[in-house]
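Open the model in a viewer and keep the selection panel at hand.

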Number of protein chains: 2
Amino acid sequence: MSRMGERLILLAMPSIHAGAWRYPGADPGFQASFEQMAWFARTLEQGCFDGLFLPDTLAARAAPIETLVRGHSIVTLDPLTLLPALAAVTQHIGLIGTASTTYNEPYMLARRLASLDVISGGRAGWNLVTSSNPNEAANFGAEQHMEHGARYRRAREFCTVMDGLWESWDQDAFCRDADSGLYFDAEKMHVLDHHGPHFSVRGPLNVERPVQSRPVVVQAGASEAGRQIAAETAEVIFTYQTDKESAQQFYAEMQCRARAAGRQQALKIIPAVFVVWGETLAQAQEKRRRLDLLVDDASSLATLSIALGHDISHYDPHGPLPDIPESNASKSGRERVIRLARSEDLSIIALARRICGYQGLEMVGTAEMIADQMQLWLECGAADGFNIMFSHLPGGATEFVAQVVPELQQRGLLRLQYEGNTFRDNLGLRTPGPGYSRG
Amino acid sequence: MSRMGERLILLAMPSIHAGAWRYPGADPGFQASFEQMAWFARTLEQGCFDGLFLPDTLAARAAPIETLVRGHSIVTLDPLTLLPALAAVTQHIGLIGTASTTYNEPYMLARRLASLDVISGGRAGWNLVTSSNPNEAANFGAEQHMEHGARYRRAREFCTVMDGLWESWDQDAFCRDADSGLYFDAEKMHVLDHHGPHFSVRGPLNVERPVQSRPVVVQAGASEAGRQIAAETAEVIFTYQTDKESAQQFYAEMQCRARAAGRQQALKIIPAVFVVWGETLAQAQEKRRRLDLLVDDASSLATLSIALGHDISHYDPHGPLPDIPESNASKSGRERVIRLARSEDLSIIALARRICGYQGLEMVGTAEMIADQMQLWLECGAADGFNIMFSHLPGGATEFVAQVVPELQQRGLLRLQYEGNTFRDNLGLRTPGPGYSRG
Ligand SMILES: Cc1cc2nc3c(=O)[nH]c(=O)nc-3n(C[C@H](O)[C@H](O)[C@H](O)COP(=O)(O)O)c2cc1C
Ligand SMILES: Cc1cc2nc3c(=O)[nH]c(=O)nc-3n(C[C@H](O)[C@H](O)[C@H](O)COP(=O)(O)O)c2cc1C
């Protein structure tokens, strides 16, 4: 499949490399600071990015305290509280917040996202997750997450309710006619009256129809159940991919699934990519090495335990990875890690360093090299764009916008200015027609 | 009790008079518009108000459709989504969001409010309600609210959990020392590990300590149980009062209750007041009359049904109010309405018009007259300030800031500029010391 002439979708999220906060020039409190995050959103907007993506978790991550104290992401800001504030200081960029279907109520979340969409003039996005951090359960009265399949069944019904609530009002429902005293047209209000196995929700939503009709729905689960719900409900898929060939396969499979589920629009597939820019390849590689050296071993081992859903602290770190039992954590993540260990014959600590530093897709090099790789992935049908993690913040974002963005623009891979009025427009996604949720 | 020389606390909220949206010059979509609400917050800030107060309900109000279509508040914006956006466009004003303890989870709400406090630089407030709109239950899988007493028991434990979560981190917990790799000091993290009848919440919160240590807690329930929880947990009490004498009584009673509950600081008592300004008294009264004429009878009757927790649509509107059975709705509200009917011998429709137009405390007149009344209530110990509803928006707020604010400032009843760094400072409330939640 060749797709010359298409444009890349660019999202960005805060740095997740475990050493990033210690990098020279980095602000270690970046993610927890509104001022920095406002700077970040504005800088991405200057760089014509489509969206800012905020991951989320509803607990401190599961790790021993010695490890926790060395991690930089234990405190952040609630994404759906931060995004409205960012909406007020930006004009074009899409604002995607992660929110769990396991620990939210659909009425509450539909309201928050519809409100964000109105406040931002049509720039809201929702990254639907079913939660994987096992510590979250304990903050909501449970010993552990409900079982993986049950989480996804709840998530599926959650989506149905969200769509129904977002369609509580037709676009032109509110006449607000002071003369007659009629505020809205009763025919244009739709009471959902949903009764299902997980939720009973009457409606209507007490927020107007979102500007985009439906905030952009992003999905990030990678298991069989995760892919299926993405095919049925999402418009953008955020994914971890490591090599181009499996990404192409994933891409094709997801489009196929979506068609089979009766979806009429291609899904946008957006892998995460760790970008380390340098004036020369050597300089970029040196940066990358420096980052990995800033991660400590205890943290790496703890991260590995989480990725496996299994405590590996009792094994010899220099020995091979033993057989790891199935767990209730992220299935796809676990398998990926085990595959990596087996295929490269890594010791536990070597595996841990790879996982913790950053072990997914990376693009390390000059602006031309980074643009080449992005273009290749786009043109060969491996991705529609990328969700970028910078080497460190603020520096990594500044460099990217100054160096890589012009290169992408010159190649016609990135807009010179925003063309659409909404996030959906900029992504090239259709606005669902009136009554879409009613089939 | 004389309190010369003290200053008024001024809060404001959107207009609730049922005719306000039809008033000449009013914007009927004011509350649902971010741009208007941003204008409102900035205008109040120009007028040196302490705070903006957003009421909330998690459903359309309970009324027949013929009535609903004539009401102006069926759609608003989620307060805790709107407030962060307003934080980004203001610098001084406090931002109080209403949130229900019956339909939220404390971990979620603690996070949102802590995030708002950080984003706003210490300006977050929480109006704790236990919900009274009976339609809310149906949006959360229940047939009706849990019983009144149970709601308040849950609310009490909810507060304990919120405080514990807000104290997850000491002020100086985050050293973020890039050299040593230590991000925070483990001794300064406090894991709540709460286990109670309604909630099990481990913590820690994954947001830093709020700038104010504790967002300002406002309480608005008026029953015995409501007063008690206010005495034990709140710092500001929002209340409906109709005459000065009962307000004085309420004021004294609440201070007494607070002392009995071991509270060390006086509660700030803030009645709601409907303000209609005019260049002359006659002009103000004419405005008031005009507003009432804009309310239609069906809406008035429906509002009365809600206030009573009892459907009165089957009675003769021109007859007297029959005996009304107890209900699960707001007790204090119901009693107040029945008292009003009996004391003035009102027919159902006359009662309905009073209730629906606006039947609480009002100040109608010139700037001097309004200032006189406010000063009187302050000096005689009936109130510490007011939560103002303007006749209509935007006009009513513009007039108040231009006309009444200078009058209050001249009398030394209102600041000339903000003196404190946080909402708490401006209200004259102490910042609770480290470990306050741990007793
Ligand atoms: C690329 C990617 C990003 C994710 N981001 C988050 C996140 O920010 N917060 C979260 O709770 N879960 C996140 N997840 C977890 C998933 O959404 C999902 O809940 C979890 O992986 C379990 O489902 P799975 O087995 O289908 O992967 C992410 C997963 C992937 C693959
Ligand atoms: C002045 C005042 C304002 C209130 N504002 C709200 C509100 O915005 N949202 C809400 O759900 N309940 C609101 N309430 C309801 C109460 O907080 C409480 O949940 C309800 O009145 C039942 O408790 P009570 O019987 O103690 O009054 C308000 C009550 C009062 C007295």
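Select the shell around ligand 2: its residues divide into 7 nonpolar, 11 polar and 2 charged. In this count Ala, Val, Leu, Ile, Met, Phe, Trp, Tyr, Cys and Pro are nonpolar, Asp, Glu, Lys and Arg are charged, and the others, Gly among them, are polar. The model is predicted: local features need pLDDT of at least 70 and side-chain atom pairs pLDDT 80 or more, while totals for chains, interfaces and linings use all residues. Residues are numbered from 1 along each chain as its sequence is written, chains are lettered from A and ligands numbered from 1 in the order in which they are written, and side-chain values use heavy atoms, with hydrogens and water left out.

**Ligand 2, chain B**

Which residues come nearest to ligand 2? Of the 20 around it, they are D56(B), H148(B), Y152(B), A220(B) and S223(B); a residue is counted if one of its heavy atoms lies within 4 Å. Colour α5 (148–166), β8 (236–239) and α10 (331–344) of chain B, each of which supplies at least two shell residues. These elements are DSSP runs numbered from the N terminus, helices (H or I) of at least four residues and strands (E) of at least two.

Next, show the polar contacts (N or O atom pairs within 3.5 Å):

- a polar backbone atom of D56(B) is 2.6 Å from a nitrogen atom of ligand 2;
- a backbone N or O atom of S131(B) is 3.2 Å from an oxygen atom of the ligand;
- an N or O atom in the side chain of Y152(B) is 2.7 Å from an oxygen atom of the ligand.

On its own, ligand 2 has 610 Å² of accessible area, and the protein covers 91% of that (Shrake-Rupley method, 1.4 Å probe).

**Ligand 1, chain A**

Move to ligand 1, which 20 residues surround, the closest being D56(A), H148(A), Y152(A), A220(A) and S223(A). Here, select A222(A): one of its polar backbone atoms is 3.0 Å from an oxygen atom of ligand 1. Taken alone, ligand 1 exposes 610 Å², of which the protein buries 91%.

**The two chains**

The same surface serves both copies, since 100% of the contact residues of chain A recur in chain B (contact: heavy atoms within 4.5 Å).

Conventions: A polar contact is a pair of N or O atoms within 3.5 Å; within protein, one must be able to donate a hydrogen and the other to accept it, and residues adjacent in sequence count only if both atoms are side-chain atoms.
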